[in-house]
Amino acid sequence: MPRRLERNRKCQQCRSRRIKCNGSRPTCAPCQRSSRDCRWIDDIPTELPPITHAPQSSPSFPAPCRQNEYTPTHNPEQALWDPQIAKIFRHYIEGLAGWYDLNDSRRHFKDVVPVRARHNPLLLSAILAFAAAHQHRVLAEDSYLDVAEFYHYDSVRRLISLTRNVDEMPIGETLAAICLLRSYEIITQNVSSQSHLQGCYSLLASRHVQLTSDLLSSGFWNYLREDITVSLIEQRSLMISLSQHAPPESADDADFANNVTFLLGRIINRCLSINSPALSLPEWKSMKSELDSWKASLPSSFDPIQTPGLGKQGNFPSIWALRGWHVSSLHYYHTAMSILWLAEPLPQPLNTLQRLNNMNSLRQKLDHHATEVCALALTSDSAPVWVNAFGPIAFCGPWLQDIQKRNEITEEVKRWGALSGWPVSTIIEALSSPADVER
């Protein structure tokens, strides 16, 4: 697993600057030319040496400084005495934790993770890496990126050290940290970066997760949603099989949200895997029946509310939902339905007229589900909803038949990307090329 956490084809300096690295050690050519300290993940010692925090000449943050001027996290409580660290930490709590608590009424990532981070160096470093990287994205201040990179290196080094003795690993906190590091990778590199997502897959694959209401379960659902987002954007199967996991019985709204997440994950793995055979009609009916049963069992709290004229005049219907998990659940339902319609086995043979009618019907179904996904996102004013909607929009949005609708959602996705710091170029590219049916 440690080797899968970082692909060391590039040194850390070239990787963070997105430049070509020739891979030579101990010093690669770009670092040698620029007189930089060439750093490789497996060269980082198991224990960090003592790091002295240099006092700032000005109370403003961030200020340009060298790596040896950052506060270490080996004593988290002491690290939080540093106002720089405390400010980034509070930015996570107040602005970013909600991304992870989207479907969690118990708010583990806002209320539990910060408490655990006060005693867990890995979790604190992961929070600081992600929160500082987010500040860099939305404020465009390079000094935040320096902070983010330092604590990212520290997180990876600690994560590698923990994996050497998996049985003693605090798996709930570790999985939470991996989710945060995955978000760091997305907003500093690109959606396709898989380093910590692969590491997380290895961690989950080796253990059975009893899905209840603890931090470990919250981390699992977050991991699965992150995996779904990337899979929908790249139109591929998940990195987790889900074969040894099962969702709980639906008792409250959060359970309904997690159950449809699980159903969508299974549908993605069955239908979007490059090596999957076509579905038989009985199998297709079984999967659709599960999805239909979930939809029919929803409490009325999930029903969208129609309010014409609620927002600015646009091309989509004005529908909205009460809570973020209602929106995310409906997004996943419509996305799962879209995949199933595309995977539906057809009676053979069809004559020309039947084939045309079938294609037109399929276009209408896919346009309907895409419209619902986009309309619910457009009436939301929630960054957690937008971030979770990027996958469904990337997959369903290209099926919109109306170019004005595609243009409208494209402009909104750009705005949401700027506000959230999330890279949306791949989604914009997908929306710019309308999909069509070839059956």
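Predicted model: local features only at pLDDT ≥ 70, side-chain atom pairs only at ≥ 80, totals over all residues.

Me: Where does S217 sit?

Reply: S217 is in helix 11.

Me: And what does the side chain of S217 make a polar contact with?

Reply: With the side chain of D214, at 2.7 Å.

Me: OK, zooming out. How many helices and strands does the protein have?

Reply: There are 18 helices and 2 strands.

Me: What share of the residues is buried?

Reply: Of the 439 residues in the protein, 55% are buried. On the contact side, take pairs of residues at least 6 apart in sequence: 71% of those contacts join residues at least 24 apart.

Me: Let's do helix 6. Which of its residues are buried?

Reply: Helix 6 runs over residues 108-117, and its buried residues are H108, F109, V113, P114 and A117. They span an arc of only 160° around the axis, so they lie on the same side of helix 6.

Me: What covers the buried residues of helix 6?

Reply: The cover includes helix 4 (76-79), helix 5 (83-100) and helix 7 (121-139). Helix 9 (171-188) and helix 11 (215-234) are also part of that cover, and helix 11 is where we found S217.

Me: Switching to the core. How many residues are in the largest nonpolar one?

Reply: It has 112 residues, and the ones with the most contacts inside it are Y92, I393, V413, W422 and I427. At least three residues come from each of domain 2 (71-207) and domain 3 (254-438).

Me: Pick V413. What is it in contact with, leaving aside neighbours within four places in sequence?

Reply: V413 is in contact with F390, I393, V424, I427, I428 and L431. I393 and I427 also came up in the list of residues with the most contacts inside the core.

Me: Now cysteines. How many disulfides does the count come to?

Reply: The count comes to 0. Take C374: it is in no disulfide, and the nearest cysteine sulfur, that of C396, is 7.7 Å away. The cut-off for a disulfide is sulfur atoms within 2.5 Å.

Me: Is C374 buried or exposed?

Reply: Buried, because its relative accessible area is 0%. C179 is buried too, with a relative accessible area of 1%.

Conventions:
Residues numbered from 1 in each chain as written. Heavy atoms only, no water. Buried < 20%, exposed > 50% of the residue type's maximum accessible area, 1.4 Å probe, protein only. Helix = DSSP H or I, 4+ residues; strand = E, 2+ residues; numbered from the N terminus. Arc of directions from axis to C-beta. Contact = heavy atoms within 4.5 Å. Core = buried A, V, L, I, M, F, W, Y, C linked by side-chain atoms within 4.5 Å. Domains from an automatic or database assignment. Polar contact = N/O pair within 3.5 Å; in protein donor to acceptor, adjacent residues only side chain to side chain.
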